[in-house]
Amino acid sequence: MFDAVRKRTVGVLALGAAVSMALAACGGTTGTTQPSASINRTGTITIWHGWEGSYLDTKKAIFDAYMAKYPGVTIQLVHKPTLDTAVTAAVPAGQGPDIIAWVDDWVGKMAKLEIIKPLDDQVSKDFLTSTYSKPAVEAVTFDNKIYGLPETVEAISLIYNKKLIQQSDIPKTTTDLLTFAKTYQQSHPGQYGIVWNAFNDAYFQAPWVYGFGGFYVKADGTVGLKEQGTKDAVKYIDSFKSVFPGKPDYGTADQLFKDGKAAMIINGPWSVSDYGKAGVDYGITTLPTISSTGKPASPFVGVKTMMVSANAKNVPLAVDILKWFSNKDNQIKEALDNKEIPSNLAALADPQVKAIPQVAAFGAQVANGVPLPNTPYMTALWDPVSKGLEAAWTGKESADQAMDDAQTAAEKNVAQLK
Amino acid sequence: MNRVPARTILAYFAPMLVGITLISLFPIVYNVYVSLTNRSLFHFRHFQFIGLANYATLFSSLNGDFFIVLFKSFLFVGICIPLFLLFGMLTALAVNHPLTRWKAFWRVSLIVPWAVPSYITAFIWKFFFNEQFGTLNQLVRVVFGPKAGLPWLSDPTWAFGSIVIANTWMSYPFFMVVFLGALQSIPLELLEAAAIDGANAWQRFWRVTLPLLRPAILPAAVLSAILTFQVLNTGYLITQGGPFTSALKPGATEFVMIYAFRQAFQLFRFGYIAAFAVVMFALLFAVTMFSLRFTRLVEEEAR
């Protein structure tokens, strides 16, 4: 299973998307909902998602259990490789699913596009805050309205190969990390002390940017790319150039770690089961502290979020399914099966869950993280940040110049969103 | 002779007319309408008419993107089409040569790149070009040692060339098929007569074969140029429009459709990109009309 944020930028095959957009726009009717006190548990609920592999198996089992409990309900799971373009085309045309499963960075965007609807008449704020962890509550709240229910959370962390590095040797600060990368490569030619997707990915550089005191964008649309902290982070990232592969993209970093040619990698919970399968004896620990600020590196905490489509016919049933899906027992099951980190407080407190090493380790990293922004302004940032990082990494521009240009481009994009 | 009433003719035409209106005409008209609105992320389902503001943004000197992207696309077409012609011609001549054996086998295997869905081919080439594990750099390392490697996708010029290579690979078979058909229609007597008159192989090709192929070459080249101008799959899947040298400039392989796709579906600038599409349509329409007229002139001259 790939990280959702990455997938957003990678898997786009939609040549016909423009055509379907235009066609979709002529459909035009919007579903209306009738507020109902009791839940009518009959009919079909369609869920569009990006789940794969064992993630999908577990979730399918959970939905099957719901259907067994309420035989009148059919839950249809539809895998969409290009979920964003698909819902953007389908929902305004009065079609598409009842439930959209993605990550919280879409919440603001989808709300502004009027593709998802607020659930305040179905879900109370008290229920939300008493059931789910704080970052999860923040993630599904936009403009003071509830736009979905949280599933599990994820953040990138430091993963190491136990055969290549002792736990006691793991660098604790950013200065040590760079020194380690250099000395490791001297003693192991052709191998790497650490690798990550440093080439041009905004999501993977967030731990440094936020740790150095910079930021991408605030909820009011303020862009932070020319902040000193952001620039310092980019300079730090670029200082790894001499000890990294030529083009350190996600696939390259991932493959090097699987092949045992990299002692450490920065990656998320979705990656570890593959590392196990590749025969890597891995451990997970938190990212180092930033030497100059004394703050921990702060990755984005993404919250997988289930949103209800503006066209959903039976909203109470959709919400009921989501409440079931994110209840204590089912989140425990997801943690046990796939090492996912629960957002449900009761599941987090469960001793069985606490005993899972991967969940404990990624959970510690989540505590240092910053919420993945759910503001629609983040949409305007991915592209300029990615281009700026690439320009700085490849040396086409200095880090300062690259981020100044990215700031200008991002501000322009933010203005054009409105 | 039975006269068919106009109403009957219209009834027979109706299904096709309805189809064309719905599938082709309506989206065009709708696109023109969207280009006059402020449709964007914050005004997606409720948008307003704003006149020609999007066109003003497009042409304003501040937005250098438009002209850079356009120039890159024309350059891409200008390099690709001659390569398509060259490789299409070489393979067609080789397959058509009387000494070539297993013609059917060669015909089929040479057309494979064209028959495979383009996104699969794009991913295969993306792997070939990978700098760490890719086939091409592995070959380079065998010859030049373990530290060698070419920046297939990370250097702007190389990346442009890489897309040209991948695109040529998947497009030349179309020309091969066209040329093969045309070659087989050339009477052997003409070539024999030329040979008897003392023309060597090169002269026979240049003076007899090529002029007779011209009616086939021109329409194929025009059609292919329009398709190449609008390339999306190949470029987007291999480079996403990159490499990028600054956040303020379009990427090295950001051709018109890739630019439109990024702007429309990553930044949700629907109104702006609809205006962009209208201008592209006008441009391609003009180029097509010009080339059709040019083709006709050439054909008349040939007669």
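Strand 3 of chain A, residues 99-103, has five of its five residues buried, so the strand is largely enclosed by the rest of the structure. A residue counts as buried if 20 or more other C-beta atoms, placed from the backbone, lie within 10 Å of its own. Strands here are DSSP runs of E of at least two residues, helices are runs of H or I of at least four, and both are numbered from the N terminus.

Before I continue, a word on the source. This is a predicted model, in which local features need pLDDT of at least 70 and side-chain atom pairs count only at pLDDT 80 or more, while totals for chains, interfaces and linings use all residues. Residues are numbered from 1 along each chain as its sequence is written, and chains are lettered from A and ligands numbered from 1 in the order in which they are written.

Which strands pair with strand 3 of chain A? Strand 1, residues 43-49, runs parallel to strand 3 and is joined to it by two bridges; A:I47 has A:I99 as its bridge partner. Strand 11, residues 300-308, pairs with strand 3 in the antiparallel sense over five bridges, and there A:K304 stands opposite A:V103. Pairing requires that DSSP find at least two bridges between the strands.

Turning to chain A as a whole, we have 19 helices and 13 strands. Of its 418 residues, 56% are buried. The C-alpha trace spans about 65 × 50 × 40 Å along its principal axes. For 418 residues a compact globule would have a radius of gyration near 22 Å, and the 22 Å of chain A agrees with this; the radius is taken over C-alpha atoms, and the rule is 2.2 Å times the number of residues to the power 0.38.

Next, the interface. In chain B, 32 residues are in contact with 41 residues of chain A, contact being defined as C-beta atoms, placed from the backbone, within 7 Å. Helix 1 of chain B gives the most to the side of chain B that touches chain A, namely four residues. That side has 18 nonpolar, ten polar and four charged residues. Here Ala, Val, Leu, Ile, Met, Phe, Trp, Tyr, Cys and Pro count as nonpolar, Asp, Glu, Lys and Arg as charged, and the others, Gly among them, as polar.

Finally, A:L381. Leaving aside neighbours within four places in sequence, A:L381 is in contact with A:A202, A:Y216, A:V217 and A:A410.

Note on methods:
Buried ≥ 20, exposed ≤ 12 C-beta atoms within 10 Å, placed from the backbone. Contact = placed C-beta atoms within 7 Å.
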